[in-house]
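Me: I am new to reading structures, and I would like to go through one slowly with you. Could we take each idea in general terms before we look at the case itself?

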There are 2 protein chains.
Amino acid sequence: MKINFYTMNAPHLILIGCGFAGLELIKKLNGKPIKVTVIDKNNYFNFQPLMYQVASGGLGPDSIVYPLRKIVSKMPNVIFRMAEVNFIDTNQKQIYTSIGKISYDYLCIATGAKTNFFDNKELEKYCMQLKSIPDALDLRSDILQEFEKALSESDSGKIERILNFVIVGGGPTGVETAGALAEIKKYVIPADYKELDASKMHVYLIEAAPRVLSSMSEISSRKAEFFLKQLGVEVLTNTSVISYNASNGQLTLSNNKVLETDTVIWSAGVIGKTIEGIKTELVSRGNRYKVDAFNRLEGYEDIFVIGDVAYMTSDKNYPNGHPMVATVAQQQGRLLAKNIIRLLKKEPMQPFIYKNKGSMATIGRHKAVFEIYGFKLQGYIAWLGWMFLHLMLLVGFRNRMMVFLNWLWNYITYQRAIRIITRPYTQKS
Amino acid sequence: MKINFYTMNAPHLILIGCGFAGLELIKKLNGKPIKVTVIDKNNYFNFQPLMYQVASGGLGPDSIVYPLRKIVSKMPNVIFRMAEVNFIDTNQKQIYTSIGKISYDYLCIATGAKTNFFDNKELEKYCMQLKSIPDALDLRSDILQEFEKALSESDSGKIERILNFVIVGGGPTGVETAGALAEIKKYVIPADYKELDASKMHVYLIEAAPRVLSSMSEISSRKAEFFLKQLGVEVLTNTSVISYNASNGQLTLSNNKVLETDTVIWSAGVIGKTIEGIKTELVSRGNRYKVDAFNRLEGYEDIFVIGDVAYMTSDKNYPNGHPMVATVAQQQGRLLAKNIIRLLKKEPMQPFIYKNKGSMATIGRHKAVFEIYGFKLQGYIAWLGWMFLHLMLLVGFRNRMMVFLNWLWNYITYQRAIRIITRPYTQKS
């Protein structure tokens with residue numbers, strides 16, 4: 001019998017959110033005896049690891065995102081709907097969305113994470129972030145607008161404030177963004193803004209822990225910090241942010257130091273994105289849903305949670321939950337697909353155990369740190385490895401080609417080709 | 001002596017607007033004994049002829065726009081400032097901008113044109129247009145959002161209204177947009193939206209004149225109309241729009257016919273973009289400034305106007321002003337540069353005479369009309385010619401490469417690669 005979502009007689013799984021976890025899940029359920037409805041508020045899969053390059057003008061958004069309809073169009077048992085999910089009714093087994101109610105037999109929540117502002121409304125309102133494509137485009141516009149603003153300002157105090165860029169949070173996103181901004185200072189300012197004194201631009205990276213990239217080994221951390229400082233980034237470890245006053249630009253730090261800046265980029269952690277309707281006692285540390293070893297929501301046989309928003313304590317190496325990273329999400333997505341197929345065949349499911357293959361971050365031209373299966377590399381080879389792996393991980397040949405060509409172009413010209421303000425950023429002031 | 005904007009002792013020209021006219025002007029003034037300040041509200045040059053391809057998802061905006069700073073950075077006597085111009089004080093020879101007052105010795109107004117809604121506020125509010133990059137991105141989002149909306153609608157009347165796309169104005173932009181939408185119906189809908197009945201999508205092109213592309217020859221017009229109809233576009237000539245009621249989607253036409261549609265794309269003409277401070281009696285037909293044969297604003301020795309916003313009646317072939325197209329703008333920009341150099345040398349200036357080399361429009365795959373130096377071509381060869389010329393006219397090698405690769409990709413796959421909603425369009429409803 002030919003598989004067709006509408007005519008097949010099979011249980012119905014709704015997947016909410018198609019990020020790294022969701023994408024692996026549907027790839028493995030493609031052609032299997034289960035109907036899948038994918039719901040996402042965007043019509044594309046977003047390759048988040050390269051988003052900071054969209055923000056810094058190295059890549060266009062179309063190079064890193066991939067239309068979900070194109071992925072789903074090859075899957076006979078999967079359909080896609082662009083919608084926001086407002087409420088889950090676990091008793092009636094229905095979800096309420098911006099396009100109406102939909103019933104499920106199984107539900108998979110893979111909504112991912114959002115920026116953690118630690119309930120500080122002022123930080124949330126005035127800091128830039130990097131969790132979505134509009135965020136990245138806003139940040140790109142904002143950075144370029146600051147340079148333009150600096151050119152029409154005569155007060156040297158104000159120029160310094162305009163040209164101070166502060167990144168809060170020294171994880172991979174923070175480190176990579178700081179490196180990209182430092183390279184803009186080094187290569188783009190002298191070429192494009194000859195009238196600006198590049199030495200007046202300062203890039204600060206603030207990290208509460210004693211070292212940046214604290215999820216990596218000590219040696220990778222130290223090397224990353226060395227690379228950042230080599231590029232002129234001012235790295236402040238053991239430092240956290242107390243408050244930010246957007247009207248005078250004062251960012252107060254835990255060591256009582258005050259930085260004056262118009263641009264604070266917040267990458268100091270993420271929390272899960274939950275949905276109304278799930279009992280609040282199931283929400284645990286980091287706003288994540290408690291799940292068992294099979295990624296089942298605690299107390300439910302028909303609701304699964306995977307990726308950043310899942311909080312699993314059964315994996316003995318990760319008693320406080322897994323790190324909120326793409327590789328965990330992908331592995332959970334793949335295992336859940338297998339477990340669902342087992343479930344349908346009434347076979348026993350397999351518990352999730354995270355295989356940490358490594359991690360990496362790039363700081364700039366020829367500068368990266370790379371850990372894979374215990375091997376640790378830094379510098380040129382690590383940088384090549386980082387690029388190669390990211391090209392391989394991108395979805396679709398077109399995106400790989402576009403990213404590769406843009407990288408080649410930026411490498412040869414020392415520029416960021418896409419330094420355009422397509423839509424001015426106006427949230428500030 | 002090395003030329004440097006800040007140290008050179010030379011008259012100061014302010015150029016307001018860097019489109020086709022302004023760009024040619026500064027290219028020819030590069031390195032000459034005149035200081036030039038370029039003011040534009042965007043930090044990029046926009047290659048408008050390909051904007052409809054951004055709107056239809058074939059190209060990303062970064063492929064067709066080019067950073068103005070990159071152009072200007074190679075010109076020692078030219079600087080760029082991103083700003084809006086609010087007022088021109090012709091007595092004090094100053095302009096008032098969003099970044100302050102600037103004095104000039106010579107002023108060149110090259111602000112271009114904006115969409116002409118014929119003072120109909122409702123049309124202006126609810127119609128989509130195609131004059132800027134945000135316009136094009138809004139239209140791209142809107143088209144894709146309509147398809148998503150149709151999928152979650154069960155009322156077949158409403159589905160038809162959602163899937164009716166009406167383009168008003170059969171000039172090159174209207175014809176090209178209609179063709180692109182018809183190709184989306186033919187190739188993208190069946191691949192990406194299998195659950196939608198593509199035959200329910202209708203593309204209308206409305207033109208008040210007896211034929212589309214009325215600036216071209218009769219044979220080109222007829223062939224373009226034939227190509228459009230071949231692609232399924234419903235072409236209504238001798239028809240104009242009376243009113244549009246966005247709440248019920250009713251678009252009333254001059255023949256008393258009513259089309260129900262949620263999407264009206266307005267490309268029925270343009271008018272000049274004027275600035276406060278210039279006497280209103282100098283504003284003529286089409287909201288354009290009256291200029292003499294040397295593009296001098298009537299009554300002024302130190303103010304020039306070039307491009308779409310210039311209204312010149314001295315050219316004997318164009319007693320009612322030149323067409324508002326890129327080639328006029330480019331030729332005026334180039335001649336004005338020469339005339340300014342002559343002026344500085346106290347040599348006589350040369351009057352502007354437009355050399356019309358031809359015009360062209362593409363309707364779709366293998367379908368275009370092309371007129372050059374009196375030769376008229378239609379179909380496959382015209383289509384190749386159209387592509388070749390547009391690639392040559394683009395600014396910068398990177399943009400040429402990106403556009404070429406995207407065209408190749410779209411040609412091979414029959415898709416529009418960039419069918420992504422990066423920022424939902426919310427103006428409607």
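Reply: Let us begin with burial: a residue is buried if 20 or more other C-beta atoms lie within 10 Å of its own, exposed if 12 or fewer, and partly exposed in between, with the C-beta atoms placed from the backbone. Helices (H or I, at least four residues) and strands (E, at least two) are DSSP runs, numbered from the N terminus. Please keep in mind that this is a predicted model, in which local features need pLDDT of at least 70 and side-chain atom pairs count only at pLDDT 80 or more, while totals for chains, interfaces and linings use all residues. Residues are numbered from 1 along each chain as its sequence is written, and chains are lettered from A and ligands numbered from 1 in the order in which they are written.

Me: Which residues of α12(B) are buried?

Reply: In α12(B), the buried residues are Arg398(B), Asn399(B), Met402(B), Val403(B), Asn406(B) and Asn410(B). They lie on the same side of α12(B), because they cover an arc of only 125° around the axis, the arc being that of the directions from the helix axis to the C-beta atoms. The face turned away from that buried side carries the exposed residues Phe397(B), Leu408(B) and Ile412(B).

Me: What covers the buried residues of α12(B)?

Reply: Here we need contact, which holds between two residues if their C-beta atoms, placed from the backbone, lie within 7 Å. The cover of the buried residues of α12(B) includes α12 (397-413) of chain A, together with α3 (61-64), β4 (65-67) and α11 (380-393) of chain B.

Me: How many residues does α12(B) have, and what distance does it reach?

Reply: The expected span of a helix is 1.5 Å times one less than its number of residues. Helix α12(B) has 17 residues and reaches 24 Å from its first C-alpha to its last, close to the 24 Å expected. After α12(B) comes Tyr414(B), whose phi is positive, near 60°.

Me: What rotation superposes chain A on chain B?

Reply: Copies are superposed by least squares on the C-alpha atoms of residues with pLDDT of at least 70 in both. A rotation of 180°, with 0.0 Å of shift along its axis, brings chain A onto chain B with an RMSD of 0.0 Å, and that is the relation of a two-fold axis. In chain A, the C-alpha nearest the axis belongs to Gly60(A), at 3.7 Å from it.

Me: How many residues of chain A are in contact with chain B?

Reply: In chain A, 36 residues are in contact with 36 residues of chain B. The largest share of the side of chain A that touches chain B, six residues, comes from α6(A). Ala, Val, Leu, Ile, Met, Phe, Trp, Tyr, Cys and Pro count as nonpolar, Asp, Glu, Lys and Arg as charged, and the others, Gly among them, as polar. On that basis, the residues of this side divide into 18 nonpolar, seven polar and 11 charged.
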